[in-house]
Amino acid sequence: MLTLDIFGFRALWSPVYFLVMAALLVAYYLVVYKYYDRFKEGVPATRKQAVYFTSAIIVLYIIKGSPVDLMAHITFYMHMIQMAVLYLVVPPLLIFGLPDWFWRSFLSLPAIDPLFRFFTKPLIALIMFNGIFSIYHIPLIFDFVKTDMWLHAGYTSVLFILAMFMWWPLVNKLEEYQTLSGVKKMGYIFADGVLITPACALIIFADTPMYATFSDPNAWGEALKLCVPPTMLSTLDLSGPETFSSISLLHDQQLGGVIMKVIQEIVYGIFLGYAFFQWFRHEEDNQAEQDAINLASAPQPVK
């Protein structure tokens with residue numbers, strides 16, 4: 001089998017994307033630690049927020065700028081790892097990492113607030129993200145999108161924005177944007193897991209390879225142009241994914257579906273626990289407050 005080194009440094013490490021991610025990280029630190037006073041109610045970001053945002057940027061580069069991205073165009077299982085991390089891990093990290101005052105400043109921009117409130121309504125957010133995600137994995141659409149650079153960039157960008165909308169009702173900390181209680185958040189996570197299951201099941205239980213961009217050498221070669229310069233590809237003699245992987249096409253596809261479902265279950269399980277403890281803490285605080293009120297209003301003994 002060949003190694004990925006034959007594609008060259010640019011395809012392996014995406015230096016332009018690295019510079020964009022580095023610039024974004026520098027801009028973040030300048031805004032939240034130096035220029036925060038230019039924003040209404042601006043205060044320096046907490047260390048935890050900085051860790052969340054930095055982690056999101058590092059993960060973004062790993063899955064979209066490192067050899068992981070190249071492997072995601074070669075093997076389907078790596079593609080599904082990339083999708084799972086991009087849409088299930090990065091969005092909550094970004095939401096946690098941006099301070100409340102930054103979100104309020106962004107959401108106060110003209111036309112942003114009504115659009116944001118509409119697309120982050122729990123039912124709409126769930127249906128939009130899971131629907132567009134499922135449609136993307138219909139073989140005809142998947143192969144069409146994967147062989148056009150601009151269409152692929154546009155579709156995956158829209159899907160990322162919808163993932164942000166989907167996560168917002170669950171993890172945002174702005175009081176004026178709280179649309180779910182603790183118990184409802186747990187139901188929201190459960191519904192999210194159910195809605196993504198059909199797409200994973202279709203992939204897992206298919207008895208033949210469904211995607212030409214991972215099984216047909218010509219379509220696969222066209223899809224590789226999304227991350228490998230065409231001039232570089234023209235110098236290589238590649239027959240298909242089997243050049244780099246010993247796993248069969250069908251098993252590669254089934255493994256991808258299983259991995260997506262497993263990562264989804266792990267991530268949702270973590271946030272299910274997060275929602276439960278939030279609800280439990282809220283109920284304890286309410287009970288303590290009620291006990292204090294009852295104690296204060298109780299008749300005092302006559303001395």
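## About the model

Residues are numbered from 1 along each chain as its sequence is written, and side-chain values use heavy atoms, leaving out hydrogens and water. Because the model is predicted, local features need pLDDT of at least 70 and side-chain atom pairs count only at pLDDT 80 or more, while totals for chains, interfaces and linings use all residues.

## Helices α2 and α3

Let's start with two helices (DSSP runs of H or I, at least four residues, numbered from the N terminus). The axes of α2 (residues 15-33) and α3 (residues 47-65) come within 10 Å and cross at roughly 170°. Here an axis is a line fitted to C-alpha atoms over the stretch in contact, and angles run from 0 to 180 degrees between N-to-C directions. The crossing angle makes α2 roughly antiparallel to α3 (the term is used for angles over 145 degrees).

Which residues of α2 and α3 make the contact? On the α2 side they include Y17, F18 and M21, and on the α3 side they include F53, I57 and L60. Contact means heavy atoms within 4.5 Å. The residues of this contact divide into 13 nonpolar, three polar and two charged. In this scheme Ala, Val, Leu, Ile, Met, Phe, Trp, Tyr, Cys and Pro count as nonpolar, Asp, Glu, Lys and Arg as charged, and the others, Gly among them, as polar.

## Helices α3 and α5

Helix α3 also packs with α5 (residues 76-88), at an angle of about 155° and with the axes 10 Å apart. These two helices are therefore roughly antiparallel to each other as well. V59, L60, I63 and K64 of α3 meet Q82, V85 and L86 of α5. By class, this contact has five nonpolar, one polar and one charged residues.

## Aromatic pairs

How many aromatic pairs does the structure hold? There are 35, counting rings of Phe, Tyr and Trp (its six-membered ring) whose centres lie within 6.5 Å. F119 and F165 are stacked (planes under 30 degrees apart), with 5.6 Å centre to centre and 10° between the planes. F119 lies in α8 (residues 112-119) and F165 in α11 (residues 149-171), so the pair ties together parts 46 residues apart in sequence.

Is F165 buried or exposed? F165 is buried, with a relative accessible area of 13%, whereas F119 is partly exposed at 24%. Buried means under 20% relative accessible area, exposed over 50%, and partly exposed in between (1.4 Å probe, protein chains only).

Conventions: Parallel < 35°, antiparallel > 145°, perpendicular 65-115°, else oblique. Phe/Tyr/Trp six-rings, centres within 6.5 Å; stacked < 30°, edge-to-face > 60°.
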